Amino acid sequence: MYESLVAYFMTGTGNSYRVADWCTNTAQEYGLGSEMNQVRAGEVSRVFPLNSLAVFSYPTHGFTAPWLMMKYVWRLPKGERRHALVMPTRAGVRVKGVFVPGLEGTAGYLIALLLLCRGYSVRGVMGVDMPSNWTAVHWGMNEENADVITDMAEGKVKSMTRTVLGGQRHYDGVVQFSIGLLLAKISFMYLIIAQLILGKLFFASDKCNGCSLCQSICPKKALNMTGMPKRPYWKYSCDSCMACMNFCPQQAIEVSPLVIILFYYVASVPVVAYSMRYTAELCNLHLQTIPLLGFGIQYGYLVLAIAICYWFLHFALGSKFIRAAAGLLSHTRYFRRYRAKGVSLGDIHRK
């Protein structure tokens, strides 16, 4: 039925790469050729051969699909009924022998819908539990827990791939999708607001030696090396994929919410409240009756305020003393980092 399998993966720490790799290995069992492509910012969406099965693997962000994958799929050439398989990864957790599955919400079926709109035939959708890599919030999975979750995922992915390669269809995660619809407001707010703030919570501690590895491996090209000495500066396009934090050889990428969130609050919240009230009085508007206008004013100011605050913060972190103090107050300094087992930088960050 198929002549080859083409896997498109978007990854930070290797989870989605592992899914794509299992799919290509399964295709080789059938004697099919295989190809893997990393989805990165700025790349042209490439069509795959007519008689190929395309696999799309990517992380779940805010109970939905990340912007980068949505844009990549929407810009694909017309599908002409080419076949596709959608497998988003979600954050599985195992503690004290107890496994808790992740929640992909609308991540799978949103990409499936975009593929259908572009003329592709979606043969299957399934969320895949992989070890949670959100080390800005919690420590990385230890080896035992990560292995258990990964082994379960490998079996599911290979079974799903064999099902579709055998000519059948399989659509999983309907309940997850229903929950995702209920959480759609949270997903929407994450994509337009929370992502902006989360990306600005990172900073390089006094351990940073300016090697710029974080800049070179970022799939969103969301990092610049600026300042004296050169240190990473996160742009608004960062979507917290955790590549920089988990692959930094010095473990210098950290998050210090006790300092930074307080800084943002003091600098932004009182000012935005005053500016909204002043603008409403000046224009004789009642913002409660025009919610979109009120939201637009608040959102515009929030974007500007965060940019200004982060610039000053980045400037202040030019001081070794301030970097050291921020690092000591960071919970992430004491966290175990996470990388998908058996995955190298060369595997997941391809030129």
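What is the volume of the largest pocket? It comes to about 610 Å³. This is a predicted model, in which local features need pLDDT of at least 70 and side-chain atom pairs count only at pLDDT 80 or more, while totals for chains, interfaces and linings use all residues. Residues are numbered from 1 along each chain as its sequence is written, and side-chain values use heavy atoms, with hydrogens and water left out.

**Overall make-up**

- The protein has twelve helices and twelve strands; these are DSSP runs numbered from the N terminus, with helices being H or I of at least four residues and strands being E of at least two.
- Of its 351 residues, 51% count as buried, where buried means under 20% relative accessible area, exposed means over 50%, and partly exposed lies in between (1.4 Å probe, protein chains only).
- Take the contacts (heavy atoms within 4.5 Å) between residues at least 6 apart in sequence: 82% of them join residues at least 24 apart.

**The largest pocket**

- A pocket here is found on a 1 Å grid over the protein atoms alone, as an open set of points with protein on both sides within 12 Å along at least five of seven lines; lining residues have an atom within 4 Å of a point, and the 1.4 Å probe is the one used for fitting.
- Its volume is the space filled by probe spheres set on the points, which are joined across faces, edges and corners.
- The lining is made by 30 residues, and Thr60, His61, Gly62, Ala91 and Trp134 lie nearest the centre.
- H1, S4, S7 and helix H6 (184-199) are the elements that give two or more residues to this lining.
- S4 supplies the largest share of the lining, with four residues.

**Nonpolar cores**

- A nonpolar core is a set of buried Ala, Val, Leu, Ile, Met, Phe, Trp, Tyr and Cys residues joined through side-chain atoms within 4.5 Å.
- The largest core has 35 residues, and Leu5, Met87, Val128 and Val157 touch the most other members.
- At least two residues of this core come from each of strand S1 (4-9), helix H1 (15-29), S3, S4, strand S7 (128-131), helix H4 (143-165) and helix H8 (243-247).
- H4 gives the largest share, seven residues.
- A second, separate core has 28 residues, including Phe48, Val73, Leu76 and Leu115.
- Setting aside neighbours within four places in sequence, the contacts of leucine 5 include Cys23, Ala27, Leu53, Val55, Thr161 and Leu165.

**Helix H3 and what covers it**

- In H3 (residues 107-117), the buried residues are Ala107, Gly108, Ile111, Ala112, Leu114 and Leu115.
- Why do they sit on the same side of H3? They cover an arc of only 160° around the axis, taken from the directions from the helix axis to the C-beta atoms.
- Their cover includes strand S3 (52-59), helix H2 (67-74), strand S4 (83-95) and strand S6 (121-125).
- After H3 comes glycine 119, which has a positive phi, near 95°.

**Strand S6 and its partners**

- S6 is mostly covered, with five of its five residues buried.
- S4 and S6 pair in the parallel sense over four bridges, and strands count as paired if DSSP finds at least two bridges between them.
- Leucine 85 has glycine 124 of S6 as its bridge partner.
- S6 also runs parallel to strand S8 (residues 170-171), joined by two bridges.
- Valine 125 has tyrosine 171 of S8 as its bridge partner.

- Asparagine 51 is in the loop between strand S2 (33-38) and S3, and counts as partly exposed because its relative accessibility is 37%.
- Asparagine 51 and serine 4 are 47 residues apart in sequence, yet 7.1 Å apart in space, C-alpha to C-alpha.
- Alanine 204, in strand S9 (residues 202-204), is buried, with a relative accessible area of 2%.
- Leaving aside neighbours within four places in sequence, alanine 204 is in contact with Pro232, Trp234, Ala252, Ile253 and Arg323.
- Threonine 135 lies in the loop between S7 and H4 and is buried, at 0% relative accessible area.
- Not counting residues up to four places away in sequence, threonine 135 touches residues including Met242, Met245, Asn246, Phe335 and Tyr338.
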